[in-house]
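Subject: The model we talked about

Hi,

Here is the structure I promised to pass on. Please open it alongside this message, and my notes on it follow below.

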Amino acid sequence: MIALLRRYPLAVIVLAQLFGTSLWFSVNGVWLSLSQELGLSETDLGMLTLAVQAGFIAGTLTLAVTGLADRFGASRIFAVSSLLGALVNGGFILVASHPPLDLLLRFATGLCLAGIYPLGMKMVIAWTPKHAGVALAWLVGMLTLGTALPHLMRGATLGMPWQWPLFGASALALAGGALVFLLGEGPHLPKNAGRVPLRQGLAALRAPKFRAAVGGYVGHMWELYAFWMLVPLLAGRELARLGMGDGLVPWFAFAVIASGAAGCIGGGWLSRRRGSEWVARMALATSGLVCLIYPFLSGFSPILLALLLMVWGVAVVADSPQFSALAAARAPQAFVGSSLAVMNAIGFGVTLPAIWLTSWLWEYQGVWVVCLLLPGPVFGLLALTAPERRARKLAG
């Protein structure tokens, strides 16, 4: 069994990533049923999403400060995080109507996800170092599908209690952790025996090219998670304009978010021909353009808006694996885990104000809140071109 898994390590890791990250938006997937039963608002949805993001940031910072990402086996951290994540995600069912316990358990879910997503990146690099851009494209593609999966599970269980999809996400996380535990450690990444302080993770920020990759990633992250949080609301708006019922919202939301997996995989394929930075720039430019025109077209045909949502879903995450590949290639190889943990902490930090603003203002501005996402792609593009501008300035 173990020998078979090690023949196809990338497939095992991306499948485990798909299963583990289904915890991330598990509550968002059942939001319509949960809000109707408990009388919650879009602001409450934003707060629950923020709690997960805050937990993830705290977890990645813990990995960086303690050096756990480089001191212990990535597969063990991944497996333990999946187990704990499954438990706290299931526990949310018991406290959903008891704030602030609901926020606390979503925060704990984010903590556990910090041991799944960054460690999954490290495992990909450890098993397939020569094709990191393509491999990370598959990994983030599975993260995207994992994010979309709760919407699919809710669509498939309409008419049933909202607790079922949450149980399903916990079961998938357990399966993902078991797969990675059996796979074990990859052979291509050095392992540090000593303590790795936070300054080692921060050291790579001195390099202009690594800093450019982090800046692009930060701009990308300002847009990404706020958009994913808004997808059920935007999908519901267009379906209502088409005269369709709420029952189709989870299916459409799944389609929009899951389309990003095709963007990640297609971007990975293109990166082998055009390079990771080129793919990242094109994705940022495309998502930024859609973000700019979407509210101005909000009165047009809902079919057109639905198609734009699909395009946005593809482009908004296609650059994510390429930023990870760029950062991994430009970071000190002995401290890749800590450097990626720091990058993730910074990137996810900017998701907090983006999610808070868009969820709070949706009630007042509706579709026009997407304008708040536009600074992300703009900043990301400027950050990516900063080394070139600096070189031209020095040459001139």
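Let me begin with a tryptophan: Trp127 is part of helix α9, which covers residues 117–127 (helices are DSSP runs of H or I with at least four residues, strands are E runs with at least two, and both are numbered from the N terminus). Trp127 counts as buried because its relative accessibility is 15% (buried means under 20% relative accessible area, exposed over 50%, and partly exposed in between, with a 1.4 Å probe and protein chains only). Between the C-alpha atoms of Trp127 and Gly243, which are 116 residues apart along the chain, there are 49 Å.

A word on the source: this is a predicted model, in which local features need pLDDT of at least 70 and side-chain atom pairs count only at pLDDT 80 or more, while totals for chains, interfaces and linings use all residues. Residues are numbered from 1 along each chain as its sequence is written, and side-chain values use heavy atoms, with hydrogens and water left out.

Now the overall picture. The protein has 20 helices and zero strands. Its radius of gyration is 20 Å, close to the 21 Å from the globule rule for 396 residues, so the protein is as compact as a globular protein of that length (the radius is taken over C-alpha atoms, and the rule is 2.2 Å times the number of residues to the power 0.38). The C-alpha trace spans about 55 × 55 × 35 Å along the principal axes, and 58% of the 396 residues are buried. Of the contacts with a separation of 6 or more, 85% are between residues 24 or more positions apart (contact means heavy atoms within 4.5 Å).

Helix α13 deserves a look. In α13, 26 of the 34 residues are buried. After the helix comes Gly243, with a positive phi near 80°.

What about salt bridges, and how many does the structure hold? There are three (a salt bridge is a side-chain nitrogen of Lys or Arg within 4 Å of a carboxyl oxygen of Asp or Glu). Arg237, Glu238 and Arg241 are linked in a network of them. Arg237 pairs with Glu238, with the closest N and O atoms 2.6 Å apart, and Glu238 also meets Arg241 at 2.7 Å, N to O. Because Glu238 and Arg241 are three residues apart in α13, about one helical turn separates them. Glu238 is buried at 1% relative accessibility, whereas Arg237 is partly exposed at 25% and Arg241 is partly exposed at 33%. Glu277 and Arg281 form a salt bridge too, at 2.7 Å, N to O; both lie in helix α15 (residues 276–293), four residues apart, about one turn of the helix.

Finally, helix α11 (residues 163–183) has 21 residues and reaches 31 Å from first to last C-alpha, close to the expected 30 Å. Its buried residues include Pro165, Ala169, Gly176 and Leu183. Just after α11, Gly184 has a positive phi of about 85°.

Best wishes

Terms used:
Expected span 1.5 Å × (residues − 1).
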